[in-house]
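Work through the exercises below with the sequence and the 3D structure at hand. Try each task before reading its solution.

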Amino acid sequence: MITVTYEYKLKPSAQQIETFESWLDACKKVYNFALRERKDWVNSRKSAVNSCSLVSEYIIPADAPRPTYASQCKALTSAKKMYPSLQLPHIHVLQQTLRQLEAAFVAMWERGHGFPRFKKKMRSFVYPDVKQNAVEPGRVKLPKIGWVRMRMSRPLPVGAACPKGLGFILKQIRVVKRVSGYFVMLNYQLGVQVPDARVHGHFLGVDIGLDKYLATSDGELVSRPRFFNALQGKLKLLQRRLKHKKKGSSHWLKLQKKIARIHQKINDTRKDWHFKLAHHLCDQAGAIFVEDINFKAWAKGLFVKHTLDAAYGQFFKILSYVCWKRDVFFLKVDKDYTSQICPNCGTHTGKKDLSERIHRCDRCGYITNRDVAAAQVIRDRGASAVLALCVEEHLA
């Protein structure tokens, strides 16, 4: 099953923007009310049976069941009769808001996330079930809103307009609010099984760092662009001006939007550069090997700002997706001691200082850039791992 998401910028009218805002406000109220209901039920079970809280006590019957997605969806039907504002959004949109809250609790129980928090604002709403003719070139039809124009920055998936079962099927529509406007995310599915990419072609090892963004085993060095540093001065100036404005005033809101636009520009520029670099690497190889690094630990070091600005974790995710899309084999290998081994003879050369940027092997005399040598070690480790996988598959 292939799932792809196509994103387009909407060009709504003033009335449609007002509708979007009212729907997002209703979704926020439903989310916070449901979270408050669940939180009260949890707090009512925390006090011991022989003592009471000195601050407040939650009076909830002992036999009251735990609020769930199903029970809160059922209560939503009666709440719509009491509060007319809840009748404006589509019922599926409000139900998806409750499903989002349920997913937050599941992440807390199963993956160790923190307790869900109340939302100051909602940034998106979802239509989980839409008709196949809801999307046409240049416009999208949103239930209870109507046709909304959109900017066709890329063509629709091939076969998206075909009858059901013969091409991509539209499964979901998400409307997202950003500082630069409203966007629509169209989720398509195609019922085919795509096998994983097989090992073929030229092997390429990739080593990442802060002196150079990355080095390849073929000797290419890519300089590190400073996305955040380029606009850091402007951000500092705007944030300094924001400090002297009254919170919630019109000037305060204008400065907040300017700051948000700069942050979005940094994010969009970085992501675009990551995609272009990933395609550039896929043009050169049939198999790409990278280090298996814990980037959370990297982000706690001395160069935390530069590490977060480089966004290596996002780049590796984009690189793996582009490799899958272009039928290039992608594999992460062990990261330990890649800069302490000679790729030519395999000798352990010892630990190098960060200021030492040249690899010199006393045994074989091999001299090259330090990062290129590490990339060549990564390439050799990837080739060994691939050989081991092939032997295992052959024996099986």
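**Exercise 1.** Decide whether D327 is buried, partly exposed or exposed, and state where D327 lies.

*Solution.* The model is predicted.
- Step 1: the relative accessible area of D327 is 44%.
- Step 2: buried means under 20% and exposed means over 50%, with partly exposed in between. D327 is therefore partly exposed.
- Step 3: D327 sits in the loop between α8 and β12.
- Step 4: the backbone of D327 has a phi near 60 degrees, a positive value in a residue other than glycine.

**Exercise 2.** Describe A311 by its phi, its place and its burial.

*Solution.*
- Step 1: A311 is not a glycine, although its phi is positive, about 55 degrees.
- Step 2: the loop that holds A311 runs between α7 (304-310) and α8 (312-325).
- Step 3: the relative accessibility of A311 is 15%. Buried means under 20%, so A311 counts as buried.

**Exercise 3.** Find the side chain that makes a polar contact with the side chain of Q340, and classify Q340 as buried or exposed.

*Solution.*
- Step 1: locate Q340 in the loop between β12 (329-333) and β13 (358-360).
- Step 2: the side chain of Q340 is joined to that of H348 by a polar contact of 3.1 Å.
- Step 3: Q340 is buried because its relative accessible area is 13%.

**Exercise 4.** List the residues of the positive surface patch, then examine K11.

*Solution.*
- Step 1: the residues that form the positive patch are K9, K11, R149, R151, K257 and R261.
- Step 2: at least two residues of this patch come from β5 (146-151), and at least two from α5 (250-282).
- Step 3: K11 belongs to the loop between β1 (2-10) and α1 (14-44).
- Step 4: patch residues need over 30% relative accessible area. K11 has 39% relative accessibility, so K11 counts as partly exposed.

**Exercise 5.** Name the residues of the nonpolar surface patch and give its area. Then place V192.

*Solution.*
- Step 1: V192, V194, Y321 and W324 make a nonpolar surface patch of about 330 Å².
- Step 2: V192 is found in the loop between β7 (181-190) and β8 (203-208).
- Step 3: with a relative accessible area of 35%, V192 is partly exposed.

Note on methods
Residues are numbered from 1 along each chain as its sequence is written. This is a predicted model: local features need pLDDT of at least 70, side-chain atom pairs count only at pLDDT 80 or more; totals for chains, interfaces and linings use all residues. Side-chain values use heavy atoms; hydrogens and water are left out. Patches are made of residues with over 30% relative accessible area and no salt bridge: like charges are joined within 9 Å, nonpolar side chains (Val, Leu, Ile, Met, Phe, Trp, Tyr) within 5 Å. Accessible areas come from the Shrake-Rupley method with a 1.4 Å probe; for residues, only the protein chains shown count as cover. A salt bridge is a side-chain nitrogen of Lys or Arg within 4 Å of a carboxyl oxygen of Asp or Glu. Lys and Arg count as positive and Asp and Glu as negative; His and the chain ends are not counted. The place of a charge is taken as NZ of Lys, CZ of Arg, CG of Asp or CD of Glu. Helices (H or I, at least four residues) and strands (E, at least two) are DSSP runs, numbered from the N terminus. Buried means under 20% relative accessible area, exposed over 50%, partly exposed in between (1.4 Å probe, protein chains only). A polar contact is a pair of N or O atoms within 3.5 Å; within protein, one must be able to donate a hydrogen and the other to accept it, and residues adjacent in sequence count only if both atoms are side-chain atoms.
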